[in-house]
Amino acid sequence: MSRNRTKILGKLRLFIFILVTLPVLVVSIASYYRSSDEIEKRVVEANVNVMQQKQIRMEQTLRLIDNMVVPFIKSSTYGTAMEQELASFDFQVYDQLFEGIHNLQRYQLPVANVYVINLDKKWAVDNRGSFPLDDISSDEQIAQYIKTPRSYYWTYEEKTRKIPPRENGYEAIDGISLVAKVPINSPNPKGLLIVQVPRDSLIEMIVSNVGTDKSAILDDKRRPLPTEGLVILDDQYRTIYSTDSSMIGKDVSFLGYVSTISQSPDPGGYFETRIDGDAMGISYGRSSYNGWHYITIVPIDDIRKDSRSIGLYTIVVSVIILLVAWVTALKLTGRIYNPIQKLFDAIRSRDGAELNAEDRDELQGIYERFDTMSRNNLQMSNELKDQLRYIREYYVLRLLKGQLSKKKIEDHLGLFPHSQSWKWMSVLNIDVDSFAENVYKKTDTDLITFAIYNVVNEIVPSDNRLCLVILDEAVLVVVGGGQDSQALFKAFKFSIGSQIQEALKDVLKISVNIGISDTYQGLAHAQKAFQESVEALKYRIRYEDEAVICIEEVGAEHSSSMALPIQLENELIYAVKFEGTGTVKECLHQLVAEIRSAELTYNEYQFCVCKLVVNLMNLVPEPGVYFAEVFKGNTPLLEQMIQLKASDELERWLMEQIIQPLTAYFDAGRGTPKKRVSMKLIHMIETEYDSDLTLELCASRLSYSPNYLRRLFLEETGINFGEYLVRYRMDKAKQLLVETDMRIADIAEKLRYSNSQNFTRQFRKQEGISPGEYREANK
């Protein structure tokens, strides 16, 4: 028992463990990733804001210098100075120029020096004074500025040499310079204005109030870049700013993340990459003022520092929740298991044997026990239902055969309690008339009967019938109802019969005849009702198709004469002896139709058919050998005739079993004259189709009556003389349309049509298209 307990408790606790753990893990993980994403977004946004603050601070200073420089180079003093020679410089203009230079260095602007260079007159003025420029091309920095196609721009400048005291010349600095060519946008500038901002002033603009960020500035030389902090690049991707002085002025466009920034169409953004194996977050922005790039590089670990603390907190909370849930689950599973244990012990003690604990746990053992009990109960229930069904069918069968007394009928009404409310009852006898031979075989009798049984069982309401029984391949159903009048019940039972007939024909492709008895009160009349339903089916010979036959409508009828139609009988006998199969079939069909339309009882029908068969058999001149040769078969003709059910069966049986042997007998005696006569008629048509040939003309030539030739030709060819002539002429017309160029009107005249319209109409009727269309289609 302990192993069972371990099994069931283990499964139960494992289930609750999974049920509790999965939601906690899912919620915890989802919360962690959600909060981490939000924190990372905020850290990135903070870095971008710091970077933008630095950009704004620097660009404010540079724009202020711009705003001072542009009015200066557009002033009259500057313009006049550009026209002066150094040797004959107007001192008043010089003083004004020198004053303008010093004004650019006021207002706390981080300007170290200002150079005004006259390229045409070859002189320069700076903070120290004026000096000549004997060979401008020899100064590498000024030569580079002159070659640059831009006329007004900020650029990084690197100090290459130092000018000794009292020595004149251009001295580059470590910092940035504003270079303006004068006139601006002129392809041949006359002078240069260079405003120098030293690196120390640049660092002061960037680092003030920034904290401990590391920074860098880039230039065009494709050299390494600092791996974290703030990075500022000019429009040529050179380092403008960096705390590492060795990085100043280096070209870093070759670096991967710089290439990513340069290829991005967006003015700013964020992405993650690896630098020297370390994961870094890159925030960047491109200045619309001077095209410089401001880049902040922050290690991913720093960005996610707060996320790790949140993750640790999430883990601690999740563990606490899980521990509480697991402890609760342990106690809960014990309580849940106690009833299962008690039930299992009760079943085991009741069976008196131990259940196999190695293969099954308690729940499986309980399930198997209840499943066995359920199957046993179901089996017993089905057996009782089958036995009860057999008892009911046996009762109904004895009831229809009249084997139950009135007292026994009343004693067994408990089998059909709903029948006690019936006022009326009747019997429906359902017999197969025909079925679709492509669906069923003749050997499928049992299958067809079973199918009919099921359909009837579904259509007739259970409260209006006793159970169905099968007797001699017919399905019998006792129907009843509590209608107020006999007429209403009659309409009800006829409606039931019609529904059954239509359903079997539509669904199962089975045609049935249904015989319905008269209406009675009480099941004691069931035997008489059954006999009447059988009698009603005998009258289906009156109907060409399947029918619902009520005995009230046919049973009382009686004909005043049982005689066969003499004229039709004589015509049939004449046709059998002297004419072909077609005429015989027509005469036989008329005779059977006449018999069917006569209001005869079933016995009178049998008498008329027997008389007809005898008269036909008397056509054989001698009994004995000739009779046996004509009418072959193992089953006696009288037995075959008694089994006939419908008029179409009667007509088919007379034709196949009686008339065809007789016509074959008489044809054998006549030899082949009919064939010879028909061949002569065909020869006349083929040779004289283009003349006014008629059947009467052929009859006069052959010395036969036209009527006889008409019947003979139809019998031998299957079509009448006129139709054969038309078909042959149409074949000739098609040949003439294809093989000759004759006009359609000439062809019509040749084929003896009064006009081309009649010919065209006949051709279209025969071929489906006009003669002209036929000629075009067969060119």
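Okay, leucine 637. In this predicted model, leucine 637 sits in helix α19, which covers residues 637-642. Is leucine 637 buried or exposed? Its relative accessibility comes out at 19%, so leucine 637 counts as buried, given that the cut-off for buried is under 20%. And if you look across to tryptophan 653, that's 16 residues along the chain, with 9.8 Å between the two C-alpha atoms.

Now, on to the aromatic rings. We describe a pair of rings by the distance of the centres and the angle of the planes. How many aromatic pairs are there? The count comes to twelve. Take tyrosine 94 and phenylalanine 98: the ring centres are 5.9 Å apart and the planes are at 25 degrees, so this pair is stacked. Those two are both in helix α3, residues 91-103, and because they're four residues apart there, about one helical turn separates them.

Compare that with phenylalanine 713 and tyrosine 724. Here we have an edge-to-face pair, 5.5 Å centre to centre, with 85 degrees between the planes. Phenylalanine 713 belongs to helix α23 (residues 706-717) and tyrosine 724 to helix α24 (residues 721-739), so the pair ties together parts that lie eleven residues apart in sequence. Both of these residues, phenylalanine 713 and tyrosine 724, are buried.

There's a cluster to find too: Tyr753, Phe759, Phe763 and Tyr774 are linked by ring pairs.

Last topic, charges over rings. Arginine 150 lies over the face of tyrosine 153, 4.3 Å from the ring centre. Then there's arginine 392, whose charged end sits over the ring of phenylalanine 416, at 5.8 Å from the centre.

Conventions:
Residues are numbered from 1 along each chain as its sequence is written. This is a predicted model: local features need pLDDT of at least 70, side-chain atom pairs count only at pLDDT 80 or more; totals for chains, interfaces and linings use all residues. Side-chain values use heavy atoms; hydrogens and water are left out. Buried means under 20% relative accessible area, exposed over 50%, partly exposed in between (1.4 Å probe, protein chains only). Rings of Phe, Tyr and Trp (its six-membered ring) pair if their centres lie within 6.5 Å; planes under 30 degrees apart count as stacked, over 60 as edge-to-face and the rest as tilted. A charge sits over a ring if NZ of Lys or CZ of Arg is within 6 Å of the ring centre and within 35 degrees of the ring normal.
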